[in-house]
Amino acid sequence: MSARIGVVTFPGSLDDADAARAIRIAGATPVALWHGDANLHDVDAVVLPGGFSYGDYLRCGAIAKFAPVMSLIIEKAQVGLPVLGICNGFQILCESHLLPGALTRNDHQHFICVDQKLQIESTQTLWTGDFLPGQEIVIPLKNGEGGYVASEATLDELFAENRVVATYVGTNPNGSYRNIAGISNKAGNVVGLMPHPEHAVEALTGPTTDGIPFFTSVLKSLVGAS
Amino acid sequence: MARVVVNVALKPEILDPQGRAVQGALGRLGLSGVIDVRQGKQFIIDLEGELEGDRAELMDKLAGELLSNPVIEDFTLTVEN
């Protein structure tokens, strides 16, 4: 039986269907999770998709962290459940304190939507093991509040511990400190990414298929664990 | 009745692009000498009865956990009982 990967739909999620499709293309079974769910339906991993959960009211991801399904995910993530947060999902992971720092409004004030070149900085996480260290990829980036900020001490720690997962190549698209596009927690099971790998899994609809390894990487870790 | 007013602002070291845009607009509209603009938000919370004891403690905690994000924001809380 293939691995079961949950995709949470919050009111205002946009990219849950694409995340489920990416999971299917990677060879796993997507499992729809609802923000009000009181159990995780035996999923082996979770993707928090992009969008505007709860209308981005208060702060992006601030209300979502109190959703019933999130309290379960936070608890399990702290003991190893693989969790990938994309865009709004990344914001939710930061608000939930599963990842350090925060995402703030793009420094240039505009919403951005581009095919973005990234460099994979860490292949040590459960979601990036199928990349080569230093590999350059191109996947879509679309956000209004994607500027990654954290204290200097936190930024130093992230680099020193090899927890910066990907950086922007070329012009910094949103003012993220030190060009950070994604980070992981210490254990490497929780990853937050501002760009969207789930939109780059098929030649017909994406700029590349560079997003697929994020979803296949986690499957290897699940096979290895069982 | 108690009225709680919570003001939230980005920490000084965090770039505030909205404040910067407002600063530019103020200058374009003829206001001279604008040194800096920071944009924040204000919550006005009306409560039954007086705010004291455990409820005051919880209000203070939620101002730091829900109404603001301590990573990037500071808040001030005032109570009018």
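My notes on the sheet and its pairings follow.

I worked on a predicted model, where local features need pLDDT of at least 70, side-chain atom pairs count only at pLDDT 80 or more, and totals for chains, interfaces and linings use all residues. Residues are numbered from 1 along each chain as its sequence is written, and chains are lettered from A and ligands numbered from 1 in the order in which they are written.

I looked up the sheet. In chain A, nine strands make an open sheet, ordered β2-β1-β3-β4-β11-β10-β9-β6-β7, with mixed pairing. Strands are DSSP runs of E with at least two residues, helices runs of H or I with at least four, numbered from the N terminus. Two strands pair if DSSP finds at least two bridges between them. Neighbouring strands are turned by 25 degrees against each other on average, direction ignored. Axes are lines fitted to C-alpha atoms, for helices over the stretch in contact, and angles run from 0 to 180 degrees between N-to-C directions.

Next I checked β9 (residues 164–168) of chain A. It pairs antiparallel with β6 (residues 112–120) of chain A over three bridges. A:I120 stands opposite A:A166, and A:L118 has A:Y168 as bridge partner. Three bridges also join β9(A) to β10 (residues 180–184) of chain A, again antiparallel. There, A:V164 is partnered by A:I183.

Why is β9(A) largely enclosed by the rest of the structure? Four of its five residues are buried, so the rest of the structure largely encloses it. Buried means 20 or more other C-beta atoms within 10 Å of the residue's own, with C-beta atoms placed from the backbone.

How values were computed:
Buried ≥ 20, exposed ≤ 12 C-beta atoms within 10 Å, placed from the backbone.
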